[in-house]
Amino acid sequence: MSEEITHRGLAMESEDKYIIKDGSPGREESEMVSHLEESKACEKSQTITESTEQTRKGSTCKQIRPLPTFVKAEIQNLDNGTNKMYIKKENLTDRELEHNRTLFEETMGTKFPDEDMKDKQFRDKDKEYAVKVWILKVLDENEENSLSSKKKEKNIQELEDLNFLLKSGIVLCKLAQKIVPGTAIEVGKLEAGNLSAKRKNISLFLKAASTYGVPENFLFKPDDLAVQTHFYKVIRALFALAERTKIDPNYKRPAFEFDKIQKERVSQNIKRKASTEENLQTSSLNSIFANLMQDVERKASLTTKGPPSNIYSCNKM
């Protein structure tokens, strides 16, 4: 048999099959060829399976979006590379003056867009709160008792609304006297009994604010406050006045930090809410306990006590 195989010889025409040169193949040759074909088929199916899995994995990877890259953004001013801040010093150069003017206008335009100013009934409680906190700090900065000052700050929300606090114009004149140098306002002689006196007081403040550097387009008319025709313009003027203090090198009073005031307010609201929830839970537990005690007392009062102890006793003679 081996001689026949040697005689016939085995030649490979291609990579996929074997052919016998002479005569018909024998049983062993047929088994060998079939075995080779089966192994080739298994390898081919395995290759197809692996390529299918790779295709699936590749398609899955394509569907997954890459994670975003977070880059810390820094606001830059005209000098590039530094954060936006006012230049606060004496004898500013023309470029520094232009920088402060541009930054001031950008800040006011961002905080008070024209769309909000068109509505005369528009109110911004966050800005009103920040302005009120700053005004009270400036007017009460000389308090000796720091503890009472802190209590006042905590009770700011309990004070009357800012529009009623400023309506007479006297508080505004006091503020101008603190901030604007050379303000000749005799606060002790101001009156606030009628509308004419209120308009006069408000006009004194507007004149001082204009002298301090608040542009005319950011001021308001006396009736906007006295008659409450457009109170949001009043807030804008006070915000502008507070911004101007960041440029004044002679201003040494409390700074106007709008973002910081907002964060403190949010923190106070969270603490107040947590305290309220805790009190509600405590009161609810107390009420549940009181109800249980009432039920116990009611059941005890309804329990039959039975006949008197001596009802069946015989009188002894």
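1. **Ground rules.** Residues are numbered from 1 along each chain as its sequence is written. Because the model is predicted, local features need pLDDT of at least 70, side-chain atom pairs count only at pLDDT 80 or more, totals for chains, interfaces and linings use all residues, and side-chain values use heavy atoms, leaving out hydrogens and water.

2. **Confidence.** The protein chain has an average pLDDT (the predictor's confidence in each residue, from 0 to 100) of 75, and 57% of the residues score at least 70. Over residues 55-62 the pLDDT is below 50, and this stretch has zero contacts (heavy atoms within 4.5 Å) beyond near neighbours in sequence. Residues 143-147 also stay under 50, with three contacts beyond four places in sequence.

3. **Helix α5.** Helices here are DSSP runs (H or I, at least four residues), numbered from the N terminus.

4. **Cover.** Eleven of the 15 residues of α5 are buried (under 20% relative accessible area, with a 1.4 Å probe and protein chains only). Among them are Y129, W134 and L136.

5. **The start of α5.** D124 caps the N-terminal end, with a side-chain oxygen 3.1 Å from the backbone nitrogen of D126. The side chain of D126 in turn makes a polar contact with the side chain of R265, at 2.9 Å (N or O atoms within 3.5 Å; within protein, one must be able to donate a hydrogen and the other to accept it, and residues adjacent in sequence count only if both atoms are side-chain atoms). R265 lies in helix α12, residues 258-302, and is buried, at 17% relative accessible area.

Conventions:
Buried means under 20% relative accessible area, exposed over 50%, partly exposed in between (1.4 Å probe, protein chains only). Helices (H or I, at least four residues) and strands (E, at least two) are DSSP runs, numbered from the N terminus.
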